Amino acid sequence: MEDGQKNQEMTISNKIQAFTLMPGYMMILSFVLYYLLTFSFIKAEGIIAIISFPLVFCWIYVPLFREYQFKEMYYKDGDMPIKVKIQKHKQAITEYSIIAVFTTGFALLCHI
C-alpha cells in the first residue's frame with residue numbers, strides 16, 4: 001500500500017457502510033432467519049445475540065483481524081458507489097452472510 005493511502009481517513013459514507021450498514025445487514029438477515037425458525041416465538045436472549053454479535057464482528061474483529069479486506073473495501077475502494085463495491089467484493093459479502101447464519105444458530109442456542 002502506498003504511503004498516501006496509509007494516512008488516508010475513512011469518509012463518512014464509508015464509516016456508515018462499515019459500521020452501520022454491514023452490521024445492520026447481518027442483524028436483519030439473522031433476525032429473519034431466527035423469526036422463521038422459531039415460528040415467531042421470540043426470546044430476549046436471541047435478540048441480544050442477534051444485536052451484539054454483528055456489532056462485535058464488524059466493529060472489532062474485521063478491522064483488527066481482517067485488516068487487508070477492511071482496507072481494500074473502505075480505503076482503497078472507498079470512492080466506489082456501494083453497488084459497484086458489493087459486486088467487486090462478493091466474497092466478503094458472502095462471508096458476512098455466513099456469519100449471519102452462524103449468529104442465527106447461536107441465537108437459537110440461546111433460545112432453548
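In this predicted model, Met73 is in contact with Gly78, Lys85, His89 and Ala92, leaving aside its neighbours within four places in sequence. Met73 sits in helix α4. Its relative accessible area is 3%. Buried means under 20%, so Met73 counts as buried. Ile86 is another reference point: Met73 and Ile86 lie 13 residues apart in sequence, and their C-alpha atoms are 9.2 Å apart in space.

The largest nonpolar core has 14 residues. Met22, Met26, Phe57, Cys58, Phe70, Tyr74 and Tyr96 touch the most other members. Helix α6 gives the most, with 4 residues.

Take Tyr96 and follow its contacts. Not counting residues up to four places away in sequence, Tyr96 touches Met22, Tyr25, Met26, Phe57, Cys58, Val62 and Tyr74. A second core is separate and has 5 residues. Met27, Tyr34, Ala49 and Ile50 are among them.

Ile28, Phe31, Val32, Tyr35, Leu36 and Ile42 make a nonpolar surface patch of about 540 Å². Phe31 belongs to helix α2. Is Phe31 buried, exposed or partly exposed? Its relative accessible area is 32%. That value falls between the 20% and 50% limits, so Phe31 is partly exposed.

Conventions
Residues numbered from 1 in each chain as written. Predicted model: local features only at pLDDT ≥ 70, side-chain atom pairs only at ≥ 80, totals over all residues. Heavy atoms only, no water. Core = buried A, V, L, I, M, F, W, Y, C linked by side-chain atoms within 4.5 Å. Buried < 20%, exposed > 50% of the residue type's maximum accessible area, 1.4 Å probe, protein only. Helix = DSSP H or I, 4+ residues; strand = E, 2+ residues; numbered from the N terminus. Contact = heavy atoms within 4.5 Å. Patch = residues over 30% accessible without salt bridge, like charges linked within 9 Å, V, L, I, M, F, W, Y side chains within 5 Å. Areas by Shrake-Rupley, 256 points an atom, 1.4 Å probe, with all protein chains shown as cover. Salt bridge = Lys/Arg side-chain N within 4 Å of Asp/Glu carboxyl O.
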